[in-house]
Amino acid sequence: MNIKKTEDFKELKGGIKINTLEELIFQLLNLFSINKTSFSVGIESLNDLISLKRHDGSVLSSKIGKPILNWIDSKYDSKVFEKKSGSYSSDNEELERLIFIMDLTVDTIFKINHNTDVLPFLKSRLKTSSNPYESSQIRWLIDWINETNANPKQKISDDILDEVLLKTNEYFELEHKTQKKPRLLCGLRESIKEHKLCYSIDWCIKTEKYLSRVKRTGWVGVGELMVSKLYDKFQRMGSSPGIDWIHFFELDVQDLEEYFYLEIPYEKENILKLKSVIKCSTNELVQMVNSEQKIIYTEPKIWNSHFPEFQEIADELNKVGIECLVETKTRKKATNNV
């Protein structure tokens with residue numbers, strides 16, 4: 001495939017095999033040299049082209065990664081980002097463009113890091129950077145690369161990847177049809193991760209499948225789709241940090257739920273302390289005691305609950321010398337669970 005003008009690349013369609021893609025990238029870099037293409041124009045064209053790669057798990061080789069990095073190194077100018085300082089305002093088109101260019105740069109460098117040592121370049125730029133915005137973006141990219149390298153991509157068979165993708169797309173098509181969603185979504189095959197009882201997969205608007213990550217529509221409050229290994233349950237992750245969404249989904253897959261559990265030992269000599277903390281009469285207290293001489297409190301634990309309503313009771317009892325501990329336990333879901 002031979003392309004003679006930069007504009008010709010805009011006519012390409014997604015799903016290009018890696019070897020063909022690398023040949024096209026060489027041609028594009030050569031046109032950059034001939035046309036003396038600016039960094040802002042070139043990085044967008046380059047990122048657009050890389051994003052047309054077939055989603056088959058292949059990655060760019062060092063044979064093309066090094067020329068890409070060399071071009072970035074020769075054209076990248078830290079001084080451009082000195083204009084990005086202070087607070088961000090969406091009304092400032094120039095600042096929006098600078099942020100867009102940085103996002104494209106970060107995404108492009110990440111896409112070549114698998115077979116190209118990009119860290120020396122990044123660390124060199126970080127060392128000479130005097131702009132807080134640029135520095136923070138470079139640090140974030142370094143951390144992203146280090147984290148990715150520390151957690152190698154799982155080896156999942158092509159048959160499983162294809163099946164998960166198929167079931168995911170069937171789910172989105174049904175959702176689009178039955179719930180009259182305005183946009184049809186699709187799964188992203190290369191993002192699939194396997195867990196004990198489910199898979200997780202990134203998704204996007206189907207028409208944006210071969211757009212750069214930077215140019216895809218962003219979503220607030222929702223994350224990856226979780227897919228039961230039985231393909232009978234599907235659920236999107238939330239965006240709250242610190243929540244193990246996979247854990248809660250896999251409980252749901254098993255028809256289980258977590259709940260808070262408090263076991264209070266009952267002894268007659270402690271009756272005044274118990275009444276004072278629990279705030280009840282003697283008769284009410286005695287009725288709360290089970291056959292094992294314990295008072296039990298339970299409360300369902302939902303994803304965003306960290307403490308039960310009876311946590312204060314446990315804390316107060318411990319203060320007056322009655323040892324008790326709030327635990328998190330698991331049980332079968334039931335409508336009569338309280």
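H2 and H3 cross in a left-handed sense, that is, the near helix is turned anticlockwise from the far one by less than a right angle. The model is predicted, with local features needing pLDDT of at least 70 and side-chain atom pairs pLDDT 80 or more, while totals for chains, interfaces and linings use all residues. Residues are numbered from 1 along each chain as its sequence is written, and side-chain values use heavy atoms, without hydrogens or water.

Two packed helices are described by the angle and the distance between their axes. The axes of H2 and H3 come within 10 Å and cross at roughly 160 degrees; they are lines fitted to C-alpha atoms over the stretch in contact, with angles from 0 to 180 degrees between N-to-C directions. H2 and H3 are therefore roughly antiparallel, a term for angles over 145 degrees. H2 contributes Phe39, Gly42, Ile43, Leu46 and Ile50 to the contact, and H3 contributes Ile68, Trp71, Ile72 and Lys75 (contact means heavy atoms within 4.5 Å).

The largest nonpolar core has 45 residues, and Ile25, Leu49, Leu60, Ile68, Ile72 and Leu122 touch the most other members. Such a core joins buried Ala, Val, Leu, Ile, Met, Phe, Trp, Tyr and Cys residues through side-chain atoms within 4.5 Å, buried being under 20% relative accessible area with a 1.4 Å probe, protein chains only. Among the helices (DSSP runs of H or I, at least four residues, numbered from the N terminus), H4 gives the most to this core, with nine residues.

Note on methods. Buried means under 20% relative accessible area, exposed over 50%, partly exposed in between (1.4 Å probe, protein chains only). Helices (H or I, at least four residues) and strands (E, at least two) are DSSP runs, numbered from the N terminus. Angles under 35 degrees count as roughly parallel, over 145 as roughly antiparallel, 65 to 115 as roughly perpendicular and the rest as oblique.
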